[in-house]
Amino acid sequence: MAALVIIPAVFLLVGAITDYRPEKREILSVAHGDRLPDTVRIMTWNIGYGGLGDNMDFFYDGGRKVRDSRERTIENLRAIVGEIRRSGCDIILLQEADEDSKRTYRINEVALLKREFPEYHVFMAYNYKSFFVPVPLRSPIGKVAGGQIIMSRYMPEEVARWQYPSRFPWPVSMFNLKRCLMTASFDCGSGKAVVIGNTHNTAYDTGNMRKEEMEFLAGTVEDMRLSGKSVIIGGDWNQYPEGYIPDRKESEDLAFSTAAIDDENIGKYGSFFYDNRAKTLRHLNIPYGPQSVLTVTDYFFVSDDIEVINTETTDLGFRNSDHNPVIISIALNKNRPVSRKGE
């Protein structure tokens with residue numbers, strides 16, 4: 001009986017001591033940055049840590065599996081590296097990249113990307129860091145250390161991590177994600193600057209978490225725009241964009257469902273861009289197949305002083321990740337004034 005009390009108490013104590021407590025804003029890098037060219041191609045891709053290929057379902061989304069085999073994980077990572085290389089993008093925004101996690105056999109994916117892409121500057125911000133995730137009980141996820149990555153051919157002047165205000169209740173918060181916005185700031189010449197952000201918003205909302213994140217983003221974008229900075233934010237929003245109409249299967253999935261993005265405030269300073277010809281995410285209740293539920297959660301927000309040339313989803317058939325990559329081509333218009341829509 002004593003052990004039934006002591007063991008959980010010790011576990012929670014260790015969790016509290018090792019709990020990842022990021023600051024509201026952390027500077028990850030400061031440098032004499034490169035000037036961005038007038039036209040830039042940017043990719044956003046949730047790579048599912050290399051462990052969510054088309055053969056996988058996932059227990060949290062109504063499936064049964066916890067992790068894939070080491071061999072398939074390595075195969076997925078090789079294919080992901082190959083696709084990034086084929087894209088030739090100037091800047092790559094990745095979500096769910098592991099550094100030291102049981103679920104990916106302690107493969108350091110950040111080091112892998114730095115080794116495979118010496119021509120890029122690679123930066124990482126944690127959003128999931130726990131000494132031991134105890135679910136599911138029959139086969140726990142275990143240690144997790146992973147997050148978001150910005151890869152850039154051009155050296156940013158500053159790279160920062162912005163902690164979202166959303167948070168799971170204690171003690172769940174000790175073993176769950178600490179969502180964040182990751183930004184890279186660049187010089188555009190003529191005294192102008194652009195901030196390129198990488199976001200990975202809440203997937204399992206326990207209340208107002210998505211709303212809090214979007215309010216934070218809107219305030220941050222407003223501050224940036226009023227200071228004269230252009231803004232581009234790409235990522236996995238875990239919400240579908242304005243103009244997208246989900247089908248019945250997307251809305252009725254009890255294990256995982258998305259909601260319409262709250263763009264009321266952030267939309268004053270720009271627009272969301274997505275490719276309406278292809279889906280970007282599959283639900284993980286079953287392995288990928290004809291019965292899979294597909295939706296759109298990966299896209300870009302672009303401030304209204306930037307010209308969007310093209311937005312395209314690369315349909316990879318969800319072979320090596322539960323997401324497809326999305327690429328946007330933009331032209332930096334340096335002479336348009338800062339304004340709210342409608343003013």
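Modeller: Contact here means heavy atoms within 4.5 Å, while helices (H or I, at least four residues) and strands (E, at least two) are DSSP runs numbered from the N terminus. This is a predicted model, in which local features need pLDDT of at least 70 and side-chain atom pairs count only at pLDDT 80 or more, whereas totals for chains, interfaces and linings use all residues. Residues are numbered from 1 along each chain as its sequence is written, and side-chain values use heavy atoms, with hydrogens and water left out.

Biologist: Okay, what do the buried residues of α3 pack against?

Modeller: They pack against α2, β3, β4 and β5.

Biologist: And which residues of α3 are buried?

Modeller: Those are E109, V110, L112 and L113, where buried means under 20% relative accessible area with a 1.4 Å probe, protein chains only. Seen down the axis of α3, they fall within an arc of 160 degrees (taken from the directions from the helix axis to the C-beta atoms), so they line one face of the helix.

Biologist: What sits at the start of α3?

Modeller: There, a side-chain oxygen of N108 comes to within 3.2 Å of the backbone nitrogen of V110.

Biologist: Switching to the sheet, what is the strand order?

Modeller: The open sheet has six strands in the order β4-β5-β3-β2-β17-β16, with mixed pairing, and strands pair if DSSP finds at least two bridges between them. The edge strands, β4 (121–133) and β16 (306–313), each pair on one side only.

Biologist: How confident is the predictor?

Modeller: On the pLDDT scale, the predictor's confidence in each residue from 0 to 100, the chain has a mean of 93, and 95% of its residues reach 70 or more.

Terms used:
Buried means under 20% relative accessible area, exposed over 50%, partly exposed in between (1.4 Å probe, protein chains only). A polar contact is a pair of N or O atoms within 3.5 Å; within protein, one must be able to donate a hydrogen and the other to accept it, and residues adjacent in sequence count only if both atoms are side-chain atoms.
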